[in-house]
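Good morning, everyone. Please look at the model on the screen while I walk you through it.

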Amino acid sequence: SSLSYEADQHPDGSRHGILLEDAHYYTSSNSPDEAIVTKVDGNCYAAFRGTEPDNLDDWGQNLDPGTGTICNDNGGCCHARAGFTRAYNAPFRAKIEADLKE
């Protein structure tokens, strides 16, 4: 997930010795969350940026002990920590899901 921090300096992942194919980066002015969708060796990945050390709102979101529900298009659902479900449901969720389906 550190790739999300470095998107502007190393958008191809070269600093980490990997080649990102068709990388998409996501940010939102309404949320502290950031994400990346890319392919590596033909496999598709999505990752969210970790907690920002100096952002109290981000820490509060990630420390929330509650749970939330994430469902797929087929109605299959799972429970996850509330901080993760809020990150997953960030304003760019629809774009991430569309890029993963490409």
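From the N terminus on, the order of elements is α-β-β-β-α-β-β-α-α. That gives four helices and five strands. Helices (H or I, at least four residues) and strands (E, at least two) are DSSP runs, numbered from the N terminus.

Two notes on the source. This is a predicted model, where local features need pLDDT of at least 70, side-chain atom pairs count only at pLDDT 80 or more, and totals for chains, interfaces and linings use all residues. Residues are numbered from 1 along each chain as its sequence is written, and side-chain values use heavy atoms, with hydrogens and water left out.

Now the sheet. Three strands form an open sheet in the order E1-E2-E3, with antiparallel pairing. Strand E1 (21–27) and strand E3 (43–48) are the edge strands, and each pairs on one side only. On average, neighbouring strands of this sheet are turned by 10° against each other, direction ignored. The axes behind that angle are lines fitted to C-alpha atoms, for helices over the stretch in contact, and angles run from 0 to 180 degrees between N-to-C directions. Two strands pair if DSSP finds at least two bridges between them.

Take E1 and E2. They pair over five bridges. They form a hairpin with six residues between them. Tyr 25 has Ile 36 in E2 as its bridge partner.

Next, E2 and E3. Six bridges join strand E2 (residues 34–40) to E3. Here Ile 36 turns up again: in E3, its bridge partner is Ala 47. Val 40 stands opposite Asn 43 in E3. This hairpin has two residues between its strands, and Asp 41 in the turn has a positive phi of about 55°.

How many of the seven residues of E2 are buried? Five are, so E2 is mostly covered; buried means under 20% relative accessible area, exposed over 50%, partly exposed in between (1.4 Å probe, protein chains only). Across the chain, buried residues make up 30% of the 102 residues.

On to the core. The largest nonpolar core has six residues: Tyr 26, Ala 35, Val 37, Ala 90, Phe 92 and Ile 96. A nonpolar core is a set of buried Ala, Val, Leu, Ile, Met, Phe, Trp, Tyr and Cys residues joined through side-chain atoms within 4.5 Å. In soluble globular proteins, nonpolar side chains tend to be buried together. Not counting residues up to four places away in sequence, Phe 92 touches several residues, including Tyr 26, Ala 35 and Phe 48. Contact means heavy atoms within 4.5 Å.

Last topic: charges. The whole structure has two salt bridges, each a side-chain nitrogen of Lys or Arg within 4 Å of a carboxyl oxygen of Asp or Glu. One joins Asp 73 and Lys 101, at 2.4 Å, N to O. Asp 73 sits in the loop between strand E4 (67–71) and strand E5 (77–81), and Lys 101 in helix H4, 28 residues apart. Both Asp 73 and Lys 101 are exposed.

Glu 97 forms a salt bridge with Arg 93, with the closest N and O atoms 2.9 Å apart. Both lie in helix H4, four residues apart, about one turn of the helix. Why does Glu 97 count as partly exposed? Because its relative accessibility is 21%.

Finally, Asp 99, in helix H4 (residues 93–101). Asp 99 is buried yet has no salt bridge, and the nearest side chain of opposite charge, Lys 95, is 8.4 Å away. For charge, Lys and Arg count as positive and Asp and Glu as negative, while His and the chain ends are not counted. Thank you.
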